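Welcome! Here is a short tour of one protein model, written for someone meeting it for the first time.

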Amino acid sequence: MECLRVRVKDLDFERLEVTVREARRQDRVTLLPETLVEPLKQHLIHVRQEHERALREGYGGVELPYALARKYPRADREWAWQYVYPAAFPSVDPRTGSRRRHHLDPSYLQKAVAAAIRKVGIAKHAGCHTFRHSFATHLLADGTDIRTVQELLGHQDVRTTQIYTHVLKFNGFAVKSPVDRFWSSALRRRKGRTARTVTSKDGSLK
């Protein structure tokens with residue numbers, strides 16, 4: 001739902017940030033991968049075309065949070081408030097009876113992720129929430145400060161974030177044997193010497 005509820009104004013392409021609204025009862029800012037900037041911009045071109053068509057046909061509004069709908073009665077039709085992943089067809093709000101645009105149903109994303117998992121042949125249990133766990137685990141493995149990871153995930157207590165540190169403990173100590181580091185270093189030096197080896201005029205190596 002954090003993904004599906006993202007609106008156009010929540011994407012900051014310059015700062016590479018995504019604002020996640022009402023996640024765990026509060027807003028937070030997380031990372032926008034640079035590799036997704038251009039694909040997202042191309043996607044938004046199509047979304048804006050559909051938004052403009054919906055406006056012409058009279059159902060281009062979206063639900064607004066809190067009391068913004070009363071304070072800004074026309075804001076629901078503004079481009080900034082539109083969902084990044086809108087549903088293909090409008091729906092009727094059961095509370096107001098108004099016909100408006102909504103975001104994709106969660107089942108759409110769940111089915112897409114399940115299909116991708118089958119396609120790549122992953123034999124482990126995985127789903128949408130797996131991305132959140134992988135995100136945290138990789139950040140910690142790369143040496144990111146645990147407080148930063150806590151903020152990106154929206155955890156109120158750092159002890160919740162610390163759970164991910166257990167995943168990194170391959171041998172119970174979260175350390176790598178010096179033998180492995182020595183062996184990797186020796187192999188790099190050996191490859192370096194091989195690359196510098198040249199053949200002399202008489203055919204001997206030097």
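## Inside the model

The lining of the largest cavity is made up of two nonpolar, one polar and four charged residues, where Ala, Val, Leu, Ile, Met, Phe, Trp, Tyr, Cys and Pro count as nonpolar, Asp, Glu, Lys and Arg as charged, and the others, Gly among them, as polar. Those lining residues are Glu-2, Arg-5, Val-6, Asp-10, Thr-19, Val-20 and Arg-21. A cavity is a set of points on a 1 Å grid over the protein atoms alone where a 1.4 Å probe fits but cannot get out, and lining residues have an atom within 4 Å of a point. The volume of the largest cavity is about 30 Å³.

This is a predicted model, in which local features need pLDDT of at least 70 and side-chain atom pairs count only at pLDDT 80 or more, while totals for chains, interfaces and linings use all residues. Residues are numbered from 1 along each chain as its sequence is written, and side-chain values use heavy atoms, leaving out hydrogens and water.

Now meet two residues through their contacts (heavy atoms within 4.5 Å), setting aside neighbours up to four places away in sequence.

| Residue | In contact with |
|---|---|
| Leu-44 | Val-8, Leu-11, Phe-13, Trp-79 and Val-84 |
| Glu-63 | Arg-7, Tyr-83, Arg-95, Arg-100 and His-102 |

Leu-44 is one of the 12 residues of the largest nonpolar core, a set of buried Ala, Val, Leu, Ile, Met, Phe, Trp, Tyr and Cys residues joined through side-chain atoms within 4.5 Å. Glu-63 counts as partly exposed because its relative accessibility is 26%; buried means under 20% relative accessible area, exposed over 50%, and partly exposed in between (1.4 Å probe, protein chains only). Between Glu-63 and Ala-75, 12 residues apart in sequence, the C-alpha to C-alpha distance is 9.7 Å.

Definitions and conventions. 1 Å grid on protein atoms, 1.4 Å probe; cavity = no way out; pocket = protein on both sides within 12 Å on 5 of 7 lines; lining within 4 Å. Points joined across faces, edges and corners; volume = space filled by probe spheres on them.
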